[in-house]
Amino acid sequence: MASLEAKTVLITGCSRGIGLEFVKQFVHLPTPPVHIFATCRSPEKASELQQISKDYPSVTVIGMDVADTATIDSAALQVEKILAGDGLNLLINNAGLAVREPSIEDVTEENMMSLYKVNTVGPLLTVKRFLPLIRKAAQNYGKDEYSASRAAIMSVSSKVASINENKMGQYYSIRCSKVALHMVSKNLSIELEADKVMVVNLHPWWVRTDMGGPNASTTAEECVRGFMNVMATRTKEHNALSYDFKGNLVPW
Ligand SMILES: NC(=O)c1ccc[n+]([C@@H]2O[C@H](COP(=O)([O-])OP(=O)(O)OC[C@H]3O[C@@H](n4cnc5c(N)ncnc54)[C@H](OP(=O)(O)O)[C@@H]3O)[C@@H](O)[C@H]2O)c1
């Protein structure tokens, strides 16, 4: 089975759920990254993540709220200092918010705007700030290969963002914010063609986390194990597209 060999990785939203599971699985790869930047809003409260960083010195916990550009900037400065001239191979936009909206009666301006800020604008501004480091990785790690081990942006989206597969309605804020995230990814893939940076959306389905709840069909462990394999096996032909954790293409 193909394995990820990114030397440097940054993941957002690592305090719990899928983000925390990414960190757990990265440290156990056959060739683990030299640096795993695990960002979260409140490092002092992220006790499980802090314990992992004590056990694995490759893990650096960094405070970052994707809805606050000042914290994105200060996180990037810390990462730049640690990388000391090296690039960032893989950025995983995982942090996200969801709200329950069974009907239009439940939609509020506040929900629409806060989900757009965290699920769409946050990933875009995170990419914008870290792009010089991603471009540096693209230059340093060979010119021709589209791969998550070289230079890539992976954004955790949601199957509910597939317009084609929307058979039940509901969930306006999450659906709209993640659809917009897909356009961010598509745009980035075009702008970053010259650097051959790969941009892919990852779809978890329904996962047993605080967001997914206890009745969800998949564990975070199974979902992230699938994502690790999907990331390791994406190449140029998969660029700008969306895949679930089993590697199936998810239609727009
Ligand atoms: N679970 C599912 O069934 C499911 C399905 C489809 C898509 N997803 C997607 O999967 C990703 C991870 O979700 P999850 O299931 O792991 O959810 P989760 O358990 O609720 O965790 C969400 C994570 O996002 C972080 N976060 C929220 N707002 C943030 C902000 N402004 N800045 C930085 N971090 C922020 C949270 O940090 P705090 O601890 O500080 O709140 C937490 O670490 C999300 O993008 C979500 O949309 C999940």
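**Ground rules**

I note that this is a predicted model, in which local features need pLDDT of at least 70 and side-chain atom pairs count only at pLDDT 80 or more, while totals for chains, interfaces and linings use all residues. Residues are numbered from 1 along each chain as its sequence is written, and side-chain values use heavy atoms, with hydrogens and water left out.

**Entry: aromatic pairs**

I looked for aromatic pairs and found three. Rings of Phe, Tyr and Trp (its six-membered ring) pair if their centres lie within 6.5 Å; planes under 30 degrees apart count as stacked, over 60 as edge-to-face and the rest as tilted. Phenylalanine 22 and phenylalanine 227 are stacked, because their ring centres are 6.0 Å apart and their planes stand at 10°. This pair links distant parts of the chain, 205 residues apart: phenylalanine 22 is in helix H1 (residues 17–27) and phenylalanine 227 in helix H6 (residues 220–233). Helices (H or I, at least four residues) and strands (E, at least two) are DSSP runs, numbered from the N terminus. I found both phenylalanine 22 and phenylalanine 227 buried. Buried means under 20% relative accessible area, exposed over 50%, and partly exposed in between (1.4 Å probe, protein chains only). Ring pairs also bring Phe26 into a cluster with Phe22 and Phe227.

**Entry: tryptophan 205**

I then checked the rings of tryptophan 205 and phenylalanine 245: their centres are 6.0 Å apart and their planes at 80°, so I list the pair as edge-to-face. Tryptophan 205 is in the loop between strand S6 (198–203) and H6, and phenylalanine 245 in the segment after strand S7 (242–244), so the pair ties together parts 40 residues apart in sequence. Tryptophan 205 is partly exposed at a relative accessible area of 37%, whereas phenylalanine 245 is buried at 6%. Over the ring of tryptophan 205 I also found the charged end of lysine 246, 5.1 Å from the ring's centre.

**Entry: methionine 211**

Methionine 211 is in the loop between S6 and H6. Is methionine 211 buried or exposed? I read 52% relative accessibility, so methionine 211 counts as exposed. Apart from neighbours within four places in sequence, methionine 211 is in contact (heavy atoms within 4.5 Å) with Gly96, Leu97 and Ala98. Leucine 97 is 114 residues from methionine 211 in sequence, and their C-alpha atoms are 7.9 Å apart in space.

**Entry: serine 173**

I placed serine 173 in helix H5 (residues 172–191). Serine 173 counts as buried because its relative accessibility is 1%. Leaving out residues up to four places away in sequence, serine 173 touches Val99, Glu101, Asn111, Met112 and Leu115.

**Entry: strand S1**

In a regular strand the side chains alternate between the two faces of the sheet. In S1 (residues 8–11) I found both faces covered, with Thr8 and Leu10 buried on one side and Val9 and Ile11 buried on the other. Two strands pair if DSSP finds at least two bridges between them. S1 pairs with strand S2 (residues 35–40) in the parallel sense over four bridges, and leucine 10 has phenylalanine 37 as its bridge partner in S2. The β-α-β crossover from S1 through H1 to S2 is right-handed: with the strands pointing away from the viewer, the path from the first strand over the helix to the second runs clockwise. S1 also pairs with strand S4 (residues 90–93) in the parallel sense, over three bridges. There I noted leucine 90 of S4 as the bridge partner of valine 9.

Key. A charge sits over a ring if NZ of Lys or CZ of Arg is within 6 Å of the ring centre and within 35 degrees of the ring normal.
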